[in-house]
Amino acid sequence: MGGAGGPAGFYVGLGLALASSAFIGSSFILKKKGLLRLCRHGRARAGQGGHAYLQEWLWWAGLLCMGVGEAANFAAYAFAPATLVTPLGALSVLVSAVLSSTFLNEQLNVHGKIGCILSILGSTVMVIHAPQEEEVSSLESMAEKLKDPGFIVFAVCVLVSSLLLIFVAGPRYGQSNVLVYVLVCSAIGSLSVSCVKGLGIALKELFSGKPVLKEPLGWVLLVCLVICISVQINYLNKALDIFNTSVVTPVYYVLFTTAVMMCSAILFKEWQHMVLDNIIGTISGFLTIVSGIFLLHAFRDMPFTPDLLPLFLQQARADLHTSWRSADRHQSCQHQPLLPSEDKGSESAEEEEEEEGESV
């Protein structure tokens, strides 16, 4: 185990990432409850451009919960690689799915439960195979990374695609396609993770006594982070107001994680320190999470009944029930008391005698 603080730093980052998932998953539920209360009172909805949710305390509670989760996430990036921290956001999907079925009366069928299990297993695999080296340890090295032509091209593509989604695709397809607003959150979120990573390094240097406050890069990263988070909150609210929570949360996770892993591979080049089996394990774990997320939301409204089973399983189930019923009948015959049978024999003999008397 490597990282910013050795094995201890790795586990600190892991613990902070787990706490972050719990808070962020809960924040979706609180914010959705606040938006639903606004809808019941006939206020202007966020999906229609309204900002009445700013007067709803439940929404602010959700925002506070998300802030705590993001702060924990912020700290986790300072101790562990982004390729480790980001995939653990799958646990926020699990928390959100379970809580939405409890507090929002949204269905979580057997497909969703299997999806939650797959998400946990995939996250575990990714933690095991995640990169253990820390590539950037100072603001000077961070500045060199930001000047890399590959990252500049990536950042330009993210900004251009986000502007196209906001001003071109949003007015046309934002009300009918969940990907429009969620793609904006995910793309901008990948840049916010880079800012968080840089600020985490700056804070560590500040605590070690270096004059970080005089460095302009730290302030630039802080301003960029505030802008990115503001955009994320705005368009995530629109997506939550229009679409089901069990749809928005998983799709947001998949797209956000993919974007962050791409950004991390380009900017920090963490994958260069990974051997082939760890690369395969990381990709396999991520695909397992994606499969679980797909099960979690693709079949959310489909009730699981025996009719959905394959024919051979339906036949096996019918044979099993038949054997159970025959076994129950056999068991009832074995446990039938003897006295009632004797009573029945005496009753039949008395009936025969009465018939003979009548015939005489």
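**Figure 1. Helix H2 provides the largest share of the lining of the largest pocket, 7 residues.** The model shown is predicted. The largest pocket holds about 600 Å³ of space. In total, 30 residues line the largest pocket. Closest to the centre of this pocket are Ile24, Glu70, Asn73, Tyr252 and Phe256.

**Figure 2. Residue classes around the largest pocket.** Nonpolar residues number 19 in this lining. Another 10 are polar, and 1 is charged.

Figure 3. Helix H7 (149-173) supplies at least two lining residues, as do H8 and H9. What classes make up the lining of the second largest pocket? There are 15 nonpolar residues, 2 polar residues and no charged ones.

Figure 4. H8 has 30 residues. At 1.5 Å a residue, H8 should span 44 Å. The C-alpha atoms at its ends lie 42 Å apart, which agrees with that expectation. At Gly189, H8 bends by about 25°.

**Figure 5. Helix H8 is largely enclosed by the rest of the structure.** The reason is burial: 24 of the 30 residues of H8 are buried, so the helix is largely enclosed.

Figure 6. Asn177 caps the N-terminal end of H8. A side-chain oxygen of Asn177 lies 3.0 Å from the backbone nitrogen of Leu179. Just after H8 comes Gly209, with a positive phi of about 100°.

**Figure 7. The chain as a whole, for orientation.** The chain contains 13 helices and 0 strands. From the N terminus on, the elements run α-α-α-α-α-α-α-α-α-α-α-α-α. Of the 360 residues in the chain, 43% are buried.

Terms used. Residues numbered from 1 in each chain as written. Predicted model: local features only at pLDDT ≥ 70, side-chain atom pairs only at ≥ 80, totals over all residues. Heavy atoms only, no water. 1 Å grid on protein atoms, 1.4 Å probe; cavity = no way out; pocket = protein on both sides within 12 Å on 5 of 7 lines; lining within 4 Å. Points joined across faces, edges and corners; volume = space filled by probe spheres on them. Helix = DSSP H or I, 4+ residues; strand = E, 2+ residues; numbered from the N terminus. Nonpolar A, V, L, I, M, F, W, Y, C, P; charged D, E, K, R; others polar. Expected span 1.5 Å × (residues − 1). Bend = angle between axes of the 7 residues up to and from the residue. Buried < 20%, exposed > 50% of the residue type's maximum accessible area, 1.4 Å probe, protein only. Polar contact = N/O pair within 3.5 Å; in protein donor to acceptor, adjacent residues only side chain to side chain.
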